[in-house]
Amino acid sequence: MRSFSEFDPVALTVWFFSVTGVAMFCGHPLLMAISLAGAVLFFAVRNGTKHLRSHIFFIALFAVLALANPLVSHNGATVMFVLNDRPITLEALLYGVNSAAMIVGVLYWFRSLTQIMTSEKVLCVAGTFSPKLALVLSMALRSVPMFARRAKQVSDAQKAMGLYSEDNIVDDLRGRMRVFSIISTWALENGIITADSMTARGYGTGRRSQLRRFRFTAADGVFTLVTLALLGVTAAAIATDSLAFTFYPRIDIAVSGTLGICGAIAYGALVLLPIFIETEVSLRWRYLQSKI
Amino acid sequence: MIVIRSRELRNVIRVAVPFAVIPAITLAGALVFDQKRHIIVSLAVAVMALLLFTAGFERKTTGSRRLVIVSVMTALCFAGRFIPFLKPISALTIITALYLGGEAGFLVGAMSAVLSNFYFGQGPWTAFQMLAWGMTGLFAGIFAEPLKCRKWLLLVYGALAGVGYSFFMDIWTVLWYGEGFSFKLYLGALFTAIPYTASYAASNVLFLALLAKPFGDKLNRIKTKYGV
C-alpha cells in the first residue's frame, strides 16, 4: 500500500470533506472529541515534534474559545458563580468547550490538508470541475516566483544605474514603487505574449493534461468506498437523532441504540483510517529495511 | 446544460443572483432550519454562489489573453499579501474590476483568496473569503463609471470595501461558533477585529490612492495596444 498522501487527490478530497463535514455540522460532543483527538494524532503522526508553536497557538485558541461562551451566554440551569450580576453557568462553559473542540479540531484537520493537498493536487481536482479556473490558478502560481526573480533583476539594474539608495526611507520606498511599476508593466505585456503563444500552440483545442499523472487505482476505489460507507453510517445515526444532544437548560448527551453506537464507531474508524495506512506503511518500510 | 442566449437575461441573472436569490436562500434557510444549521446554509450559499459564477465563466468563450491578464493580476495580489499589516489585495481587485469589468474583478479577488491560502492555510473560510473579495471586485465593476471619474468616491468605496470585508468575515466567525447568529457574539467579534478592520480600510485607501492612476494607465495601455 502507498503512504496516505500518495492516494489519488479525488479520494483524499472525499475523505477530508467527510471528516471535516461531520465535525463542522454535527456538533455532538462524542464526535467532537473523536475529531479533535484524531486530528491532533494525525498531525502529530505526520509531523512528529515539529510545529511546536502551532500547538501552543491552538491550545491558547482553545482556551479563549472555551471561555468566551460563558461570558456572553447565560443560559443553563447550573449556576457556578455570578460575575457582574450575570450568572456563569456550567452548561454554557461546556458548550464553549464543545465549540472550541470543534473549531480547533477542524483547524488541525485543515492544517494537515494544506500539507497533503499540495497546489498540484488541488489543481488536478479543480481541473475536473473548471479547467479554465484551474488554468488561471496554475498560471498565477507559476508567476509568483517568476515575478520575484524578475524583481531582483530589475532592482539590481536600478542599483547599477545609481537610481536606488537604501539609506533614505523615502528614496527606498520610491525605488520599490518604481520596481513594482516596472514589474507590473512587464508582467502584463509578458502575459499577453504568453497568451498569444498559448493560442498559437492550440490552447483550448484539446483536454488539458497534468504535469504529474494521477491514476485512480483499485486501492483508491476501495479507500473511497470505505470512506463513503463509514460516512453513511455516521450520517444515518445523526439523521435519525441517535446521536442527539442538548446543552440548555440541562446537558443531555445521548448515544441511543445500536445505530448511535455504530455511528460513533464508524466516525472513529473514518478518522483513524489514514493513521492505519501510515502505520502499516511505516512498519512495512522498517521491515523491508531491516532485511537489506 | 442550459445556455442562456439573451444577453439582457444574462445580465439580469448576474445581478439578481447576488442581490435576490442568495438572500432568499439565506432567509429560507434561517426559517426552515434551527439555528444550529445556519452554518450549513451559509456555507452552502457561499459555495453555490461561487459555483454559479464559475459555471457562467466556464461556458463563455473567454479569450486566452483575458484569462492570462486575470492570472497575472492574481499573482500580483498574492505577492502583495506578504506585506505586513497592509493588504493590497482588495485595492488591486478593485482596480482590475474598474478597467477590465466586474467579472475579471470577481475572479481576481476569488482566485487570490485560494492562492494565498495555499500559504496561509486553507479552511472552510476560504469559500467566504473568495466570496467577499469576489464581491468587492464585482461591485467595483458594476459601478466602474462613477468610480473612475471621481477619485474621492473610489477612496470611499475602498474604505467601505475594507470594512465590509471584515464585517462579512465576522459573520462567518460567529456562525462557526455554533450557536446560530448571536448578535452579542457578532458585536464582540467586530470589536476584537477593530485593528484588522482599520488596517483593511487604511490599506485599501492607501493603495488605491497610490496605485489607481498608474495601474489604470497600464491596464488601459494594454487594452488599447492589444485590444483585450
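Student: Is R176(A) buried, exposed or in between?

Tutor: R176(A) has 15 other C-beta atoms within 10 Å, so R176(A) is partly exposed. R176(A) sits in helix 7 (residues 169-200) of chain A. Helices here are DSSP runs of H or I with at least four residues, strands are E runs of at least two, and both are numbered from the N terminus.

Student: How far is R176(A) from S155(A)?

Tutor: Their C-alpha atoms are separated by 8.1 Å. Along the chain they are 21 residues apart.

Student: What should I know about the model itself?

Tutor: This is a predicted model: local features need pLDDT of at least 70, side-chain atom pairs count only at pLDDT 80 or more, and totals for chains, interfaces and linings use all residues. Residues are numbered from 1 along each chain as its sequence is written, and chains are lettered from A and ligands numbered from 1 in the order in which they are written.

Student: And A33(A), how is that one placed?

Tutor: A33(A) belongs to helix 2 (residues 29-47) of chain A. A33(A) is partly exposed, because 15 other C-beta atoms lie within 10 Å.

Student: Switch to strands. How do strand 1 and strand 2 of chain A pair?

Tutor: Strand 1 (residues 79-83) and strand 2 (residues 86-89) of chain A are antiparallel, over four bridges. Two strands pair if DSSP finds at least two bridges between them.

Student: How many residues of strand 1 of chain A are buried?

Tutor: Zero of its five residues, so to speak hardly covered.

Student: On to helix packing. At what angle do helix 3 and helix 4 of chain A pack?

Tutor: Helix 3 (residues 52-72) and helix 4 (residues 90-116) of chain A pack at about 150 degrees, with axes 7 Å apart. That makes helix 3 of chain A roughly antiparallel to helix 4 of chain A. Angles under 35 degrees count as roughly parallel, over 145 as roughly antiparallel, 65 to 115 as roughly perpendicular and the rest as oblique. Axes are lines fitted to C-alpha atoms, for helices over the stretch in contact, and angles run from 0 to 180 degrees between N-to-C directions.

Student: Is the crossing of helix 3 and helix 4 of chain A left-handed or right-handed?

Tutor: Right-handed. A crossing is right-handed if the near helix is turned clockwise from the far one by less than a right angle, left-handed if anticlockwise.

Student: Who makes the contact of helix 3 with helix 4 of chain A?

Tutor: Helix 3 of chain A gives residues including F58(A), L61(A) and F62(A), and helix 4 of chain A gives residues including Y95(A), I103(A) and L107(A). Two residues are in contact if their C-beta atoms, placed from the backbone, lie within 7 Å. By class, the contact has 17 nonpolar, four polar and one charged. Ala, Val, Leu, Ile, Met, Phe, Trp, Tyr, Cys and Pro count as nonpolar, Asp, Glu, Lys and Arg as charged, and the others, Gly among them, as polar.

Student: And helix 1 with helix 8 in chain A, how do they cross?

Tutor: The axes of helix 1 (residues 9-25) and helix 8 (residues 218-239) of chain A come within 9 Å and cross at roughly 15 degrees. They are therefore roughly parallel. The crossing is left-handed.

Student: Now chain B. How many helices and strands?

Tutor: Chain B has 10 helices and zero strands. Buried residues make up 43% of its 228 residues.

Student: How do helix 6 and helix 8 of chain B pack?

Tutor: Helix 6 (residues 125-142) and helix 8 (residues 151-176) of chain B pack at about 155 degrees, axes 10 Å apart. The crossing is right-handed.

Student: Last one. How many residues link chain B to chain A?

Tutor: 41 residues of chain B are in contact with 40 residues of chain A. Helix 3 of chain B gives the most to chain B's side, with 13 residues. That side divides into 25 nonpolar, 10 polar and six charged.

Definitions and conventions: A residue is buried if 20 or more other C-beta atoms lie within 10 Å of its own, exposed if 12 or fewer, and partly exposed in between; C-beta atoms are placed from the backbone.
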